Amino acid sequence: MDTSNPAVFVNAEFLKEHVGRRVRAVVQVMQSDGDTVIGKSTDEKQLVLKGNPPNPLSTFVEVIGIADTTQSIQAETWTNFGDTLDITSYDKVCRLANGDHKHLFI
């Protein structure tokens, strides 16, 4: 496993702390317009995902990329996560990865 450039688990709240860094986030797709996807983060806030999304998109998608603003990610990798997801659990992972237990995450 390549650990030279890890992607931090983020929701919209934690994205602002990682601008310019590699991140990973899951969103519920709300709107897709070619190269831009607007989604709802696991903490119920809006994020903009830029790049080349797969077609078709599932309801939930994970992206890995560079946080280019406090509300957007330039996505490098897109992964469809299906049409059902426990967003509360994923949001808890984001909180652990950015809190007292971040040493447990790459």
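Helices here are DSSP runs of H or I with at least four residues, strands are runs of E with at least two, and both are numbered from the N terminus. This is a predicted model, where local features need pLDDT of at least 70, side-chain atom pairs count only at pLDDT 80 or more, and totals for chains, interfaces and linings use all residues. Residues are numbered from 1 along each chain as its sequence is written, and side-chain values use heavy atoms, with hydrogens and water left out.

I start with the fold. The chain has two helices and six strands, in the order β-α-β-β-β-β-β-α along the sequence. Its radius of gyration is 13 Å, close to the 13 Å from the globule rule for 106 residues, so the chain is as compact as a globular protein of that length. That radius is taken over C-alpha atoms, and the rule is 2.2 Å times the number of residues to the power 0.38. Along the principal axes, the C-alpha atoms fill a box of roughly 35 × 25 × 25 Å.

Of the 106 residues, 38% count as buried. Buried means under 20% relative accessible area, exposed over 50%, and partly exposed in between, with a 1.4 Å probe and protein chains only. As for contacts (heavy atoms within 4.5 Å), 53% of those between residues at least 6 apart in sequence join residues at least 24 apart.

Now the salt bridges. How many does a search of the whole structure find? It finds seven, a salt bridge being a side-chain nitrogen of Lys or Arg within 4 Å of a carboxyl oxygen of Asp or Glu.

One of them joins Arg 22 and Glu 76, with the closest N and O atoms 2.4 Å apart. This pair links distant parts of the chain, since Arg 22 is in strand β2 (residues 22–33) and Glu 76 in strand β6 (residues 72–80), 54 residues apart. Glu 76 is partly exposed, at 46% relative accessibility.

Strand β2 also holds Arg 24, while Glu 62 lies in strand β5 (residues 60–69), so their pair ties together parts 38 residues apart in sequence. Is Glu 62 buried or exposed? At 8% relative accessibility, Glu 62 counts as buried.

The last pair is within a helix. Asp 91 and Arg 95 form a salt bridge at 3.0 Å, N to O. They are four residues apart in helix α2 (residues 87–97), and therefore separated by about one helical turn. Asp 91 is buried at 9% relative accessibility, whereas Arg 95 is partly exposed at 37%. Salt bridges with shared partners join Glu 13, Asp 91 and Arg 95 into one network.
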